[in-house]
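Reader: I would like to learn how to read domains, sheets and helix contacts in a model. Please start once the structure is up.

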Amino acid sequence: MSVTVQEAPAKQVSQWVYNDFNLNVATANGSGSQTSNNLLIRSLYKMGIPVTGKNLFPSNIQGLPTWYNIRLSKDGFLARRERVEIMICMNGATVAEDMESVVPGGIILYDDSLPVANHRKDVQYYPMPVKALVKAADVTYTLQRYVANMVYVGVAAFLLDIEMAEIKNALDWNFDGKPKPIQLNWSMVTAAYEWAQQTLVNDQPYRVRRMSGFNEGTVLIDGNSAGALGSVFAGFTFAAWYPITPSSSLAESMISYAAQTRREPETQKATYAIVQAEDELAAIGMVIGAGWAGARALTATSGPGISLMAEFIGFGYFTEIPAVIWDIQRMGPSTGLPTRTSQGDLLAAYFLGHGDGRHPVLLPADPTECFEMASTAFDLAERLQTPVFVLSDLDIGMNLWISKEFSYPETPLDRGKVLTAQQLDAFKEEHNGQRWGRYLDVDGDGIPYRTVPGTDHPAAAYFTRGTGHTPYATYSERASDWENNLQRLARKFETARSLVPAPILQEVDGARIAILSMGSNHPAVVEARSRLLDQGIPTSYLRLRALPINSEVRAFVERYERVYVVENNRDGQLYEILLTELPGLSTRLVSAAKCDGLPLSARWITEQITQ
Amino acid sequence: MTATPTRTARAPKLNPLGLEKTAYKGADSTLCNGCGHDSISARIINAAWEMGLKQQDVVKFSGIGCSSKTPAYFLGMSHGFNSLHGRMPSVSTGALVANRTLIGIGVSGDGDTASIGIGQFKHLVRRNVPMVYVVENNGVYGLTKGQFSATADLNQTLKYAGTNPYMPLDICLEALAANATFVARSFAGDAKQLDALLKAAIAHNGLAVLDVISPCVTFNNHESSTKSYAFGKEFEIPLHELSFVPSYDPIEITEEADETEVKLHDGSSLVLKRLGNDYDPTDKYLAYRTLEEARQQQKLLTGIFYIEPQTPSFVDTLQITDTPLAQLSQAQTRPSREALAQLMAKL
């Protein structure tokens, strides 16, 4: 058996690198590599190591290149990192460029059947006899391709010191205790491990070791599962959706979680309905219909779906119907880059619809906030009687994040101003003799009272229409009725400012500059700030968690000479919104926007500020 | 002086809820005088009143167009939803799933259903959402002033739009192809038939499609139009004579030789009295053939073409709780602390 190809002279490792490197796995999609990658990341996570996984996959079912990037950071920095120390090459189509991407001093594990033209002198190579090991394992032909990817798990476990017991646990978890696939994959992992143990000289510097202090009280989960779980615990009763990457897994997770937790005890019947609609337009139509009838209704989609929903969401704003829309953002119109991330829908979501209108937009930064904001979104939608967006993205939605364990929602559901038959009777008396009008603002907050169909009261009914209407919901084309209604809706939006989640501020004494960002950029911002501090540049940080902005944002911007608005889109969409909302402070705002389909990196953010 | 004869005021007719028919009115219509749609509104009022529907249990839906304005003109004590053009199906699907106890009555037009809304219409049919779906079909766009719709006759001429070079869509055939469980056509001028069909449609546990030819007096009521009053009055050919027998009616139906009875979900019946040839409305092939022949020969054939009362409705298929989803409490919709702990432990 061949030993490591050692172009570089064998050496004593002078310095070990523990729990602090980037591991990139290059495979072809549809080859089962997801299971192998999950085993790696999950076992590392269970060893207490801060770890993050970014799946860079094509819009394809089988055969195109896929990369899975696992970053280990003992210091807890979990943004995407550009440097790659360890490359695992399983795909001939990309092997040349994959090998080039490794930093000097790095290592490369590769399937020895791949065409490798030349070897670099500044890295170490570990060819893996994948074919031979698979052949020896004696598995049926159809499964060979899948178990082949277990080879690199075993070899990496040996080279990096990943605990085999944790790999086994991860395997049990992954296959939910099903003995057959567990045994099949486990035998391949151990065969590869044993081969490596007997054959390889492990003189490369990268190692992992069990640690504590970071992963306690956390879970490893993707944002779509978290949003789904959050919605199930937020008491959703209706969901309609249409499959679209990267949002489909949110609806699919809801189907799974709801089936487990949302059945009426006596009858086992569902306390919810989830409908796969014929398109996004129908999905939002169903949600608007259900919200109007009193259900807690949501849909999940991505950019192209948002475009189709435009008319209904504008209508929902004007007719004041609660609805929750999850937008798991991806790149571009039509197909765009459907498997790449971006924050490019911010402006579209905020202003969606024709005529005047704005919508509250929630901006979760990680799966924990996806879980929490699922409840917040419903409470806001029903309190404000309006469509509410939750803007996640592919990076949060489909990648695994170490996330603070979800807490049980303690606040009661806020169903908003919905009148029962009894409350309708008492309305006049309780509101200075004013009779109820569907669009009448009796409380001064712009939010009227509504009734839902089926309310057993002769005066409960009203007619919902996009056409102009009076405070009593009657047809009107009178100019003043239209304008008064628009002004009230604007008042309602002012109320929203104080109800949406407040920004999170981290202010540093002596800082003259600050970063303002949102959503999935958070880990990169955290790391960039640390790097900047190392360079003697302290920064403060405001993480926006919702639109519309509140007064804290203005006060924050006023306190700094320069505020870098960091976002993952080309045009600086958040920057543009802030310019509009804070025109007097425009000279302090600096746009730092980038859009290439990848999560932002700390290096890029740092450069925006230092260069 | 002769004494005036004393006259006792005739007691107003009351329905099973003890209400007069006027209690089922809506706002005044703003449609053109003589519009077929107003006749249909009057039939809906009559059917709801005679069946003793409680208006609070009814929800009215529509899309956009002249037809879609009409829910404001009937059942004033029912919630109404005038939605988007061609999008009534999705809105009503959501609302009727959110509250399964509601009785849905939707009014659409030929543009709203067969042009912009054909996709949602066919999926509504396919899902068998339990509601009445009336198409007020006049073959023309009224509100935008006289353009052709997708049901306009081939080679028909209109004042502004010229001659129509395209084949029309047949709403009943489209419904049938989408697996409709109740397909009927009627004429706005045929009050008796429309009454029976509307009642049967309300009683049907599934989607009931009623394609009602409803003349547009302003844009499409000339002699050459198959959607005019003159054409309808002269050429309407009823397939059968229909009558509706409500479930609470104590009368035992004795089936005559020339009558067929179709039992509906709620125990009521639709009785079909033969006119001319025998027609079996449970025979789908016959329905296809009959509709296609009528289309080819430009005949205004009316009546119930197809009915299948056994197919589960969309709400039944979803296996949801009997309590309306919209009325479930927090205790019923937020799983327990233990449930979250269990799921967390699995992660």
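Reader: Which domains does the assignment give for chain A?

Author: Domain bounds come from an automatic or database domain assignment. For chain A these are domain 1 (17-207), domain 2 (220-404), domain 3 (421-499) and domain 4 (504-610). This is a predicted model: local features need pLDDT of at least 70, side-chain atom pairs count only at pLDDT 80 or more, and totals for chains, interfaces and linings use all residues. Residues are numbered from 1 along each chain as its sequence is written, while chains are lettered from A and ligands numbered from 1 in the order in which they are written.

Reader: In what order do the five strands of the open sheet lie?

Author: Strands (E, at least two residues) and helices (H or I, at least four) are DSSP runs, numbered from the N terminus. Two strands pair if DSSP finds at least two bridges between them. In chain A the order is S19-S21-S20-S23-S24, with mixed pairing. Strands S19 (504-506) and S24 (589-593) of chain A each have a single partner strand, so one side of each lacks a neighbour in the sheet.

Reader: How many bridges join S20 to S23 in chain A?

Author: Five, and the two strands, residues 513-518 and 562-567, run parallel. A:Ile513 has A:Arg562 as its bridge partner in S23(A).

Reader: Which residues of H3(B) and H5(B) meet?

Author: Contact requires C-beta atoms, placed from the backbone, within 7 Å. B:Pro89, B:Ser90 and B:Thr93 of H3(B) meet residues of H5(B), including B:Phe121 and B:Arg127.

Notes: Contact = placed C-beta atoms within 7 Å.
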